[in-house]
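Student: Could you take me closely through one part of this model, the loops and the core beside them, with the cut-offs stated as you go?

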Amino acid sequence: MYCENCGEKLKEGAEVCLKCGHQAKKETKTNTKFNEQNIPSEYKPISMWGYFGYEILFMIPIIGFILLLVFALGGTSNKNLKNFARSYFCLFIIIAVIFVIIALMGAATASSLYY
Ligand SMILES: [Zn+2]
């Protein structure tokens, strides 16, 4: 490994050149800096308003639930959206279970009042 700036031979794993102080590039580490343009559509981040829009969409009765199921089951190639739909689906189920429990408890207390 040689310094890109002055050509001095560098020690293996050295981060800076001892002769000129030039920052040495790590060979093992590829350039991980990437911008939003070259992210494949699968990993494209969803903007804050994007999430907001999907939340509103998922709140629509029936249609929203169908969309939620489609996205959660892989109807979209975007992993962020898929995971978001899945987390929303879990939340949906928890809320549904809580509602069922409350309804059952309400029904139980209501029926016990008649006897
Ligand atoms: Zn150098």
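Tutor: Relative accessible area sorts residues into buried (under 20%), exposed (over 50%) and partly exposed in between, with a 1.4 Å probe and protein chains only. The model is predicted, so local features need pLDDT of at least 70 and side-chain atom pairs count only at pLDDT 80 or more, while totals for chains, interfaces and linings use all residues. Residues are numbered from 1 along each chain as its sequence is written, and side-chain values use heavy atoms, leaving out hydrogens and water.

Isoleucine 62 sits in the loop between α1 (48–59) and α2, helices here being DSSP runs of H or I with at least four residues, numbered from the N terminus. Isoleucine 62 counts as exposed because its relative accessibility is 66%, and it has a positive phi of about 65° although it is not a glycine. Most residues other than glycine have a negative phi.

In the loop between α2 and α3 lies threonine 76, which counts as buried because its relative accessibility is 14%. Leaving aside neighbours within four places in sequence, threonine 76 is in contact (heavy atoms within 4.5 Å) with Phe71, Leu81 and Lys82. A polar atom of its side chain lies 3.1 Å from the backbone nitrogen of asparagine 78.

Phe71 and Leu81 also belong to the largest nonpolar core, which has nine residues in all; such a core is a set of buried Ala, Val, Leu, Ile, Met, Phe, Trp, Tyr and Cys residues joined through side-chain atoms within 4.5 Å. The elements giving two or more residues to this core are α2 (63–72) and α3 (79–114), and α3 gives the most, with four.

Notes
Polar contact = N/O pair within 3.5 Å; in protein donor to acceptor, adjacent residues only side chain to side chain.
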